[in-house]
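Here's a quick briefing to read with the model open in your viewer.

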Amino acid sequence: MAGEILLSDVSLRLSGREVLSGVSLALSESRIGIVGRNGSGKTSLLRVMAGLVVPSSGTVRVVGVDPARDRKAMLSAVGILFQNPDHQILFPTVGEELAFGLLQQGVPKSEAAARVKALLAVEGRSHWEAAATHTLSQGQRQYLCLLAVLAMAPDWLLLDEPYAALDLPTQMRLRRRLEGLKQRIITISHDPAAIEGADRVIWLEAGRVRADGAPRLVLDAFRATMAHLGAADADTDL
């Protein structure tokens with residue numbers, strides 16, 4: 001299917017440790033959730049999909065392109081939102097941050113500036129343009145990162161624990177904005193509640209796909225296993 005993300009027997013070793021092992025997936029659904037414990041390889045999998053990390057073996061294709069070999073093509077194919085916006089924001093003002101990705105795509109400076117103004121106006125945040133990024137709240141910085149990604153109009157959004165550091169009202173605002181997007185979205189989380197509305201859920205355990213399918217079935221199995229592990233007196237599986 002055109003526009004899908006394909007992973008074939010993907011493995012990844014970092015600092016001598018196998019983080020991903022033999023992962024094969026064909027992803028095309030509108031909303032996909034990836035659940036797993038901390039350290040299960042979820043973030044590494046997103047980084048491989050985005051071309052930020054090259055797998056040790058196997059192949060990755062995003063809309064037909066190897067993401068690690070054609071970074072410019074990935075700017076229009078995939079946008080990634082990290083859990084901590086401070087790991088993503090590069091520039092001192094909101095306007096500069098929003099324009100950066102457009103300039104990387106080859107948009108002329110004057111047109112990029114016009115697009116930034118139009119985007120902020122649509123979002124009801126025209127007053128943000130000259131604001132210093134460090135003066136924004138955690139939730140506002142997270143929203144800025146989302147807007148910077150959306151400015152480049154990617155086919156896919158990859159979200160790394162997008163609600164983890166936000167208070168409840170900010171979570172609700174971000175969730176509402178994401179639900180209205182036309183992009184296909186992959187959300188990773190250790191919290192099943194964050195991905196219950198997905199069309200498909202993948203459970204990653206120790207770098208391998210443990211289960212893949214209907215959200216209710218996969219999440220019920222995940223919750224049952226986590227409850228069993230939580231009832232133990234020691235982390236004997238570590």
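How many bridges join strand β3 (residues 31–35) to β7, and do these strands run parallel or antiparallel? There are 5 bridges, and β3 and β7 run parallel. Before going further, note that this is a predicted model, where local features need pLDDT of at least 70 and side-chain atom pairs count only at pLDDT 80 or more, while totals for chains, interfaces and linings use all residues. Residues are numbered from 1 along each chain as its sequence is written, and side-chain values use heavy atoms, with hydrogens and water left out.

**The six-stranded sheet**

- An open sheet of 6 strands is ordered β5-β6-β7-β3-β8-β9, and its pairing is mixed. Strands here (E, at least two residues) and helices (H or I, at least four) are DSSP runs, numbered from the N terminus, and two strands pair if DSSP finds at least two bridges between them.
- β5 (78–81) and β9 (208–213) are the edge strands, each pairing on one side only.
- On average, neighbouring strands of this sheet are turned by 15 degrees against each other, direction ignored.
- Helix α7 (residues 215–230) packs on the sheet and touches β3, β8 (200–205) and β9; contact means heavy atoms within 4.5 Å. The direction of α7 makes about 30 degrees with that of β8, with axes fitted as lines to C-alpha atoms (for helices over the stretch in contact) and angles running from 0 to 180 degrees between N-to-C directions.
- Helix α5 (residues 138–150) lies across β5 and β6, and runs at about 175 degrees to β5.

- β7 (residues 184–189) is mostly covered, with 6 of its 6 residues buried. Buried means under 20% relative accessible area, exposed over 50%, and partly exposed in between (1.4 Å probe, protein chains only).
- R184, I186 and I188 point one way from β7, while I185, T187 and S189 point the other way.
- The bridge partner of I34 in β7 is I188.
- β7 also has 5 bridges to strand β6 (residues 156–160), and β6 and β7 run parallel. W156 has R184 as its bridge partner in β7.
- Why does T187 count as buried? Because its relative accessibility is 12%.
- Leaving out residues up to four places away in sequence, T187 touches I32, G33, I34, L159, P162 and I195.

**The three-stranded sheet**

- Another open sheet has 3 strands in the order β2-β1-β4, with antiparallel pairing.
- β2 (17–27) and β4 (57–62) stand at the edges with a single partner strand each, so one side of each has no neighbour in the sheet.
- Neighbouring strands in this sheet are turned by 25 degrees against each other on average, direction ignored.
- Strand β1 (residues 5–14) is joined to β4 by 5 bridges, and β1 and β4 run antiparallel. Within that pairing, L6 stands opposite R61 in β4.

**Helix packing**

- The axes of α3 (residues 94–104) and α4 (residues 109–122) come within 9 Å and cross at roughly 125 degrees.
- α3 and α4 are therefore oblique to each other: angles under 35 degrees count as roughly parallel, over 145 as roughly antiparallel, 65 to 115 as roughly perpendicular and the rest as oblique.
- α3 passes α4 in a right-handed crossing. That handedness means the near helix is turned clockwise from the far one by less than a right angle, with anticlockwise being left-handed.
- The contact is made by V94, G95, L98, A99, L102 and L103 of α3 together with K109, A112, R115, V116, L119 and L120 of α4.
- By class, the residues in the α3 and α4 contact are 9 nonpolar, 1 polar and 2 charged. Ala, Val, Leu, Ile, Met, Phe, Trp, Tyr, Cys and Pro count as nonpolar, Asp, Glu, Lys and Arg as charged, and the others, Gly among them, as polar.
- α3 also packs with α5 at an angle of about 35 degrees, their axes 8 Å apart, and this crossing is right-handed.
- V94, E97 and L98 of α3 meet L144, L147 and A148 of α5. That contact has 5 nonpolar, no polar and 1 charged residues.

**Helix α1**

- α1 (residues 42–50) is mostly covered, with 7 of its 9 residues buried.
- The buried residues of α1 are K42, S44, L45, L46, V48, M49 and A50.
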